[in-house]
Amino acid sequence: MKTKTSSCQCGHVQFDVNTKPRLRMLCHCTICQKFNQASHADVLVFNTRDITTPSSDYVVFKTYKAPPNVKRGSCVKCGQAAIETFSFPLLPKLTMVPAAMFAADADLPDPDAHMFYDKRVADVDDELPKHQGFIKSQLAFFKHLWF
């Protein structure tokens, strides 16, 4: 994957991604709906070590649910969802970047699956796997991530 610049709507948050994502997922959980101000999140998942994350001068991080395994960061100026980090003992550190942070003509991979589909706002008519519930969605996420 060639280097892609990700940028929020106002351009305040910008950072380069020069590695292929491990997966792309569509998450319908209520936290993702709230954070992305949309019916679902469309995120690319990367190893954290492969991304230089923006500083707190550009992004304000918030935790929506304890324990704080996922920290979600929005642009301090426009408020757009910009980056999410996942950290849990014994698991790889992950960084999620919303697909909306990339230019419309960016060569992004197709999504792998829908997660938390039981929380969807509207039905989606596609051929992707649709995982429902917390346990099934979490297991599917890690299955897609590792295999």
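Visitor: What percentage of the 147 residues in the protein do buried residues make up?
Guide: This is a predicted model, in which local features need pLDDT of at least 70, side-chain atom pairs count only at pLDDT 80 or more, and totals for chains, interfaces and linings use all residues. Residues are numbered from 1 along each chain as its sequence is written, and side-chain values use heavy atoms, with hydrogens and water left out. Buried means under 20% relative accessible area, exposed over 50%, and partly exposed in between (1.4 Å probe, protein chains only). By that rule, the buried share of the 147 residues is 40%.

Visitor: Which pattern does the protein follow along the sequence?
Guide: Helices (H or I, at least four residues) and strands (E, at least two) are DSSP runs, numbered from the N terminus. The protein has two helices and nine strands. Read in sequence order, these give β-β-β-α-β-β-β-β-β-β-α.

Visitor: Leaving aside neighbours within four places in sequence, which residues is Leu-145 in contact with?
Guide: Contact means heavy atoms within 4.5 Å. With those sequence neighbours set aside, the partners of Leu-145 are Arg-22, Leu-23, Val-45 and Leu-94.

Visitor: Is Phe-116 buried or exposed?
Guide: Phe-116 lies in the loop between strand 9 and helix 2. Its phi is positive, about 50°, although Phe-116 is not a glycine. The relative accessible area of Phe-116 is 13%, so this residue is buried.

Visitor: Is Gln-37 buried or exposed?
Guide: Gln-37 is found in the loop between helix 1 (30–36) and strand 4. Gln-37 is not a glycine, yet has a positive phi of about 50°. Because its relative accessibility is 69%, Gln-37 counts as exposed.

Visitor: Where is the place of Phe-134?
Guide: Phe-134 belongs to a helix that covers residues 134–146. The helix in question is helix 2.
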